[in-house]
Each structure stands twice: as C-alpha cells, then as structure tokens.
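Here is a guided walk through a structure that you can follow on your own screen. Keep the sequence and the 3D view side by side as you read.

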Amino acid sequence: MLTALDKKLLEEVADLHGEPPGAFNIRKDGKGIERRSLEGIEITPKKDQPGIDVVVAEGKEGTVHIPVILTENELSDLVYNHIDIGSGANITLVAGCGIHNPGSGKSQHDGVHEIYVRKGARLVYTEKHFGEGEDSGERVLNPKTVLYVEEGGYAELELVQIRGVDKTSRVTEAEVKAGGRLVMYERLLTHGEQSANSDVVVKLMGEESTARIISRSVAQDNSRQSFYPRLLAHGPGRGHVECDSIIMDHATVRSVPEIWAENAEAELVHEAAIGKIAGEQLTKLMALGLTEEEAEEAIISGFLK
Amino acid sequence: MGRNKPAPVELLNYKLEIPKNTDAGDQSGKGSLGRRKENQLNLLSLENINLEFQSEEKKIPILHDINLNFEAGKMYAITGPNGSGKSSVVRVAMGIYRHTSGRVLYNGEDISELGISERARKGIGYAFQHPPRFKGMPVKDMLEMAMKYSDSVNCQVLRDIGLCPDEYLERTLDNSLSGGEIKRIEIATLLAQNPKMRIFDEPEAGIDLWSFEQLINVIGGTHREDTSTVVISHQEKILNMVDEIILIEDGTVSMRGSRDEIWPRIKASAECSCRYNCQQEGEIYADCPR
C-alpha cells in the first residue's frame, strides 16, 4: 500500500499519478512492493542479488516503470537491474530514484543498470533523481548505467537531477555497434554544499555508429560539479560531446571532455563552456517585467529544459 | 495598464487580431501612421538627461542635456551616426542605464528611481538592437513571459512578423536560429508585450529585404492612439512613416521636428559630410551627391 509520501516521491521521479501504465516494478526501502508483467514484458526479481530482470520480447512496444523510493533514515540500498530490449522492440523505460530522509543519518541508493538494446530496437530511457528531508541527513545517489546498443539500435538516455541530492557519483558507460545511435542528455542542478561527479564513457564500435552527449548543468551556492565525458571511436563513427555549465555564487565546476579516435574515418567533436548568466539575458527578461530573481529562474529553467 | 495576469494563454489560438491603425492620415499620405490628435499628453519625457560612464579613472560623457517628449498617438524616429548616443537615450528611458542627472517621467510620474522591471510593468517596452540568445528557452516561453503583464492574448505576432507559429513556437532561442530570425522574434516579443510606450532599437538590422517591408507594416499597423512608438533607425522608409524625427549627434539632440522639416536637413548634412570626407581622401567618388 503506497502512502501519500510514496506517491509524492513517485510523482517527482517518474511523473506517476496512480498506478503506472504498462509493466512496472516499484521498489521501496530496499524491497520490491508492487510489480506487474505484461505479455512480452517480463519483470522478475533476481534470485542471487537485489534487483530485477526486465526482458522485452522481440518487436514489443510499450512502457516500463521501475522507480525506487527511499523513505527511511540511515538506509543504504543497492540494486542490480538487468534490462534486455529485444530486437525491433520499441520501449519507453522510466527509472529514477526519490529519497525522503526524515532523520540526521545518511540515506543512500546505489543502482546498477545493465541495459541491452538489441538489433534494430529502440529505447527511450529516463532516470530522474530527487531528494528531500526535514532533518540534516544526507541524501546520496550513485547510479551506474552500462548500455549496449547493438547493430541498428537506438537509445536515448535522459539523466536528470534537479535539487535535493547532496552527493552523487554517476557513471555511464555505453558501447554502440555499427549503425547504432545513442543520444544522451544529462541535466543537473546543485546548490548549497552539494557535490556531483559524472563520468561518461561512450565507445563507437562500428561503421555509421553515432553518439551525441549533451550535458547541461547549473552550479549554485558552494556546490561542486565535475564532468568527464569521453567519446572513443574504435571504428568510423561520428560523435559530438557538448558540456555547458552555468556557474553562480561560489560554486566550482570542472569539465573535461575527451575525444579519442582510432580510425581515420572517425569524426568527433567536443565543446565545453562554463560561464555565468549573461547580464544582457537578465536585462532582456527584466524588460518584459520579470524581477531579477524571476529572470534568473527562467534562464536556468530554460537552460535545463 | 493591463498589469493583471491574463487568463491562461492558448498560444496556437489566432482568433484575435492586433488592433489596426484606423487613422488614414492626411492626403499626402506622409506620416499617416502616426498622425493623431494634437496636444496629447506626454507619455514619456526625458528632462535634462546627462549620462556618464566611469572608465578606469576618468568619466566618459555619453549624453548631454537631453530633453525629449514622446506623446501618445505619435511615432518618432531617432537617427544619427554610429556611437552618437541613440541607444543610450532609450536605454536610459528603459532604466537599463542609470542617468547621471535629470529626470525620466512616465505619464507625468517621475520614474527615475524605478528599475527595469517596474518600468516594463508600467508600460515601457524595448526591443533590443542585439537580442541575447537563450540556450534551451523556447520561443513560446519568451512570448508567454512577454504577455504576463499585458492584455495581449495571442501569438498572431509571430505571423505578423513573417514567422509561422507552428514552426517557431517550440524552437529554442539559441544559435540554431539565424540573426534575422532572432531579430524578428524580438520584435514579435515586444508586440506580444503590447506596451503603451514602444521602443524599437534598429529593428531593421539583420533583416532581409522582404521581411523589412513586413516589419514596417507591422510596426505601423500596430501603432495605436494610446501608444507612442519610437524607432531608432537609419532607414529612409522608416523615417518617412513617422511624425517626428530626432537627430542625435555627439550625445545631444541636434535636430528635432516634423519629417518634412528635418529630412532635407539630414540629407544636406549627409552631403556635407560626404564632401568633407571626399576632400579628406583627396578624390571624388562617382556616387557622391555633390
């Protein structure tokens, strides 16, 4: 039975209002509490370790929700999820984790997702992180996503963390085979004393494999962010890394994109920028009647959209 | 003043039309778009405005003793050489630059101490010469923000400026748009804001010839009896459609008057300047008006 707090967390991380459509698995405080498989989308708990297997049959279309919520103080949750999207399938998968830490101890969730996008399959994957709590207890989220995009497959990852998470160390690894495509959007906002580290490695393994990594972040107050997106072309692939950060107050941002080609036909580009909100942007929005604070909020919100 | 937030906006609803100018003007057609009732109250006044910028250890004078009134129902053009202070004048009016001395009045109220936001909410609108770009912000959001403090309830403005809303509402205001597109969206934003005091800073800059005609029509066509329109421009077509031309040179108002009165003097001044330059260069150019 979901409480009002559970529902609020699920709404924040998975945009769920009531029972999820399609197949789903809801994990709360270290245990699976609700689950539904459908024909062609099988969700089963692992026997040897915490986590689930999600197996999508060839050619299947649908949505899968696998959110995690933590509502207890001093809880450390570790989960291994294996996701297999069959050839030619078309799936929208919503993961994400919401922590409500009511106490002064640390609550932590470490999630490892191993995802296979088989030949010609299409996956749109959203992972949103959210944290809150009445006391001083830390909220820590460490996701690791390992993705394999097979020949002709397409994967779109949207990784979002907007406020409330004190520490995060994110690891994303992907291999894209011939004709495969990967688009990854990362959006992050830190404030207060929060810190975020994002380590991304994408390998383009074959002809016509492409990847686009777009990272946008805002660092406020005394928060600290580090980004290490790396794009490697072992074959004649094409890739683009774009890291943009808005830095405010006394925050620190470190951005180190790397491109690495091992094939003369590879085409790789990287861009990185860190800067404050331009004065002329604020002036423009204030000339529409917005206060300076409203203008700043609108610029940040648009930037992270 | 339209300061209350309007009902939720349906951006794809094109039902309402921008009020069109109904004043046919005089028989000559000159100034017909802006000619209105005489002796209207001043909407915006700049009184004895001086502006200086501090650079390292010295003060750089920008504007000297500017006195200007802008009446409701009239259209004005501000023209003058590059760097003469045209944009500085209107930026002082908008509150972007804080003047060193003098007063800015709106509807008779001294607004010198008010910030940009407050002036915008009172009814002063400014379309930037070089509008900034915003990564990730859709055109739709910009228009909605513009309409927040106005009674404007549609985005017909995009169509009026030659941009298809279906194509542009979701586009983001970043480098994916050309300079001309950004400029037209800037003008559409001011039209959506629908202020009483409208200031366009070189609206023609970066806009192609076809769109320029549309631009003139939309600026003129949306001018109303209760609005005052100021256009900073060097374009003869724009100077021809206004009631008054103000020439700014070296930070001062060097000429002001009706178009018929001022335009020949500006042309003569340009010829004089050309003659001077030709003599300086030691040669006469084939197209020199002399």
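Both faces of β7(B) are covered, with Met197(B), Ile199(B) and Asp201(B) buried on one side and Arg198(B) and Phe200(B) buried on the other. Here a residue is buried if 20 or more other C-beta atoms lie within 10 Å of its own, exposed if 12 or fewer, and partly exposed in between, with C-beta atoms placed from the backbone. Because 5 of the 5 residues of β7(B) are buried, this strand is largely enclosed by the rest of the structure. Strand and helix names come from DSSP runs numbered from the N terminus: strands are E runs of at least two residues, and helices are H or I runs of at least four.

Before going further, a word on what you are looking at. This is a predicted model, in which local features need pLDDT of at least 70 and side-chain atom pairs count only at pLDDT 80 or more, while totals for chains, interfaces and linings use all residues. Residues are numbered from 1 along each chain as its sequence is written, and chains are lettered from A and ligands numbered from 1 in the order in which they are written.

Now let us see what lies beside β7(B). Strands of a sheet pair through backbone hydrogen bonds, either parallel or antiparallel. On one flank, β6(B) pairs with β7(B), residues 197–201, in the parallel sense over 4 bridges; two strands count as paired if DSSP finds at least two bridges between them. Within this pairing, Gly125(B) stands opposite Arg198(B), and Tyr126(B) has Ile199(B) as its bridge partner. β7(B) also pairs with β8(B), residues 228–232, again in the parallel sense and over 5 bridges. There, Phe200(B) has Val231(B) as its bridge partner.

Axes are lines fitted to C-alpha atoms, for helices over the stretch in contact, and angles run from 0 to 180 degrees between N-to-C directions.

Chain B as a whole has 9 helices and 10 strands, and 44% of its 290 residues count as buried. Among its contacts between residues at least 6 apart in sequence, 71% join residues at least 24 apart. Two residues are in contact if their C-beta atoms, placed from the backbone, lie within 7 Å.

Where does chain A meet chain B? In this model 20 residues of chain A are in contact with 20 residues of chain B. α2 (279–286) and α3 (292–303) of chain A each supply at least two residues of the side of chain A that touches chain B, and α2(A) gives the most, with 6 residues. These two helices also pack on each other at an angle of about 115°, with their axes 9 Å apart. In their contact, Gln281(A), Leu282(A), Leu285(A) and Met286(A) of α2(A) meet Glu292(A), Ala295(A), Glu296(A), Ala298(A) and Ile299(A) of α3(A).

Asp29(A) counts as partly exposed because it has 14 C-beta neighbours inside 10 Å. Leaving out residues up to four places away in sequence, Asp29(A) touches Leu70(A), Thr71(A), Glu72(A) and Leu75(A).

Finally, how confident is the predictor? The model scores ipTM 0.81 and pTM 0.82. Chain A averages a pLDDT of 95, where pLDDT is the predictor's confidence in each residue, from 0 to 100. Chain B averages 80, and 77% of its residues score at least 70. Over residues 1–39 of chain B the pLDDT is below 50, and this stretch has 69 contacts in the model beyond near neighbours in sequence.
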